[in-house]
Amino acid sequence: MNLDQRTHVPPALTIIPRDQHIISRKNISKAALRVLYRLNEAGYTAYLVGGAVRDLLLGLQPKDFDVATSATPDEVKRLFRNCRLIGRRFRLAHVVFGPEIIEVATFRGLGEEGCEGDRSIVDGRIVRDNIWGTIEEDAIRRDFRVNAMYYDISDFSVRDYVGGMQDLHDRVLRLIGDPETRYREDPVRMLRAARLAAKLEMHIDAAAMAPFESLGPLLGDAAPARLFDESLKMFLSGNGLKSFHMLEQCGLVKFMFPATARALKRGDAALRALVEHGLANTDARVREGKSVTPAFLFAVLLWGEVRDVAHQLIGRGIDRTDAWARAAAQVVGEQCQRVAIPRRFTFTMEEIWSLQPRFEQVQRKRVFRLMAHPRFRAAFDFLLLRADESPATLQLGQWWAHAQQLPPDVLAAALPAGGGSAASEPPAAAPAGKPPRPRRRRRKPGNAGSA
């Protein structure tokens with residue numbers, strides 16, 4: 001069975017002329033325009049395609065600009081010295097302009113049975129696909145109808161083969177072809193549906209959402225490294241909270257973050273507040289142009305399970321420090337089987353978690369040692385997110401916030417040298433005033449009168 005039979009979508013071209021859409025070349029990357037013009041001048045057809053066209057039609061500024069062309073990857077490489085070819089599953093050309101990369105893909109073909117080409121399908125999944133075709137075939141090979149529109153640089157029109165413009169107007173995400181077939185080809189399309197619906201404030205067509213529950217387990221067959229990349233797109237692009245809510249609505253959280261799903265299912269309102277506040281804070285930082293790190297995000301998502309496992313181990317008599325280390329290793333190990341979080345991030349996550357119990361120890365040496373820790377600021381921010389866990393946690397966060405405002409000598413004078421107070425009753429910091437007089441050092445016997 002060829003791909004055309006599986007998608008059941010006969011292409012029907014609609015051309016939207018320049019005076020009927022809002023795309024302007026001034027909003028298109030200069031690098032993308034250079035690629036489009038050079039390909040056209042060399043005798044190839046080339047179009048701006050996919051998410052860039054969709055976002056421009058919605059009045060948004062695209063993050064990336066992709067090009068589809070009749071030129072093969074080797075032909076693209078011959079035209080651009082600043083080009084490199086990548087990929088086995090989908091062979092692509094990357095044309096590099098400093099920090100910007102324009103991804104150039106050759107029109108994908110449908111491929112008839114027995115035809116020559118480089119395509120491999122295993123259990124319904126496309127594991128390699130390098131058969132070239134026409135723009136019409138390329139259009140119905142794409143995932144969502146809103147992603148299958150092409151901007152023609154030669155006359156500034158938009159070419160729509162599958163009804164993408166109508167879907168933009170209706171604010172709905174519809175798959176091209178049979179949803180179950182398309183998800184089996186690439187299960188990550190389910191995550192893309194949730195991410196795009198959150199980003200574009202659209203709803204997912206009922207037919208496109210229906211297979212999520214039955215086909216969600218197929219996400220377990222996707223490459224964990226690819227799911228990590230997809231997680232970053234969902235949660236570190238300024239729409240993290242909406243994306244998480246959409247994943248919950250679609251029933252996909254348990255397939256991506258099983259520990260998070262289990263912890264939230266226990267009905268812990270404080271944990272839900274922590275997760276939602278953490279995602280909202282990350283969104284705010286993205287909008288403000290501030291740096292964000294996946295480590296803090298994943299620490300937020302997995303905290304509930306780590307905390308509960310640690311408390312279980314402590315209840316069984318295991319040393320407190322060892323219990324937290326074991327809990328972190330267990331939860332991270334399980335999560336990395338689904339989403340391959342790099343070690344540089346899991347190490348930071350484990351440090352953020354392990355520092356949480358140390359905030360309860362308010363002896364003088366421990367406080368200053370904790371403040372000097374390289375992860376103190378991230379761990380303190382995490383403590384503030386935990387404010388809804390209990391009144392004691394809220395009070396603890398307030399105490400540490402105040403402690404950081406005090407001069408070191410004033411803080412030292414307010415702290416006990418040993419013992420410390422319970423986490424529910426942290427000692428009040430002394431008010432600012434004259435620092436305590438330094439203790440005089442005793443002279444050693446025999447040194448009196450020496451000059």
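Me: Which residue's side chain meets that of D55 in a salt bridge?
Reply: This is a predicted model, in which local features need pLDDT of at least 70 and side-chain atom pairs count only at pLDDT 80 or more, while totals for chains, interfaces and linings use all residues. Residues are numbered from 1 along each chain as its sequence is written, and side-chain values use heavy atoms, with hydrogens and water left out. A salt bridge here is a side-chain nitrogen of Lys or Arg within 4 Å of a carboxyl oxygen of Asp or Glu. For D55 the N to O distance is 3.0 Å, and the partner is R54.

Me: Are D55 and R54 buried or exposed?
Reply: The classes rest on relative accessible area: under 20% is buried, over 50% is exposed, and partly exposed is in between (1.4 Å probe, protein chains only). By that scale, both D55 and R54 are buried.

Me: How many residues apart in sequence are the parts that R91 and D74 tie together?
Reply: The side chains of R91 and D74 form a salt bridge at 3.4 Å, N to O. R91 is in the loop between β4 (83–86) and β5 (92–97) and D74 is in helix α4 (residues 73–79), so the parts they tie together are apart in sequence by 17 residues. Helices (H or I, at least four residues) and strands (E, at least two) are DSSP runs, numbered from the N terminus.

Me: Where does E201 lie, given its salt bridge with K242?
Reply: K242 and E201 meet through their side chains at 3.3 Å, N to O. The pair ties together parts 41 residues apart in sequence, with K242 in helix α12 (residues 240–250) and E201 in the loop between α8 and β12 (203–204).

Me: Is E201 buried or exposed?
Reply: K242, its salt-bridge partner, is partly exposed at 34% relative accessibility. For E201 the relative accessible area is 57%, so the class is exposed.

Me: How many salt bridges does the structure hold?
Reply: Some of them share partners, and such bridges join R262, R266, D268, E305, R307, D308, E334, R386 and E389 into one network. The total number of salt bridges is 30.

Me: Which side chain of opposite charge is nearest to the buried R159?
Reply: R159 is in strand β10 (residues 157–160) and has no salt bridge. At 4.2 Å, the nearest side chain of opposite charge is that of D152.

Me: With which side chain does that of R159 make a polar contact?
Reply: A polar contact is a pair of N or O atoms within 3.5 Å; within protein, one must be able to donate a hydrogen and the other to accept it, and residues adjacent in sequence count only if both atoms are side-chain atoms. Leaving aside neighbours within four places in sequence, R159 is in contact (heavy atoms within 4.5 Å) with residues including L13, Y47 and D152. Its polar contact, at 3.0 Å, is with the side chain of Y161.

Me: Where does UniProt place the feature "active site"?
Reply: UniProt positions are given in the numbering used here, feature names are shortened, and annotations may be inferred rather than shown by experiment. The entry is unreviewed, and the positions it gives are D64, D66 and D143.

Me: Is D143 buried or exposed?
Reply: D143 is in the loop between α5 (135–141) and β9 (149–152). Not counting residues up to four places away in sequence, D143 touches R174, L175, I176, R189 and R192. Its relative accessibility is 7%, so D143 counts as buried.

Me: What relative accessibility does D66 have?
Reply: D66 is in strand β3 (residues 66–69). Beyond neighbours within four places in sequence, D66 is in contact with Y47, L48, V49 and E103. D66 counts as partly exposed because its relative accessibility is 28%.

Me: What is the phi of R171, a residue that is not a glycine?
Reply: Most residues other than glycine have a negative phi. R171 is in the loop between α6 (164–170) and β11 (172–173). Its phi is positive, at about 55°.

Conventions
Lys and Arg count as positive and Asp and Glu as negative; His and the chain ends are not counted.
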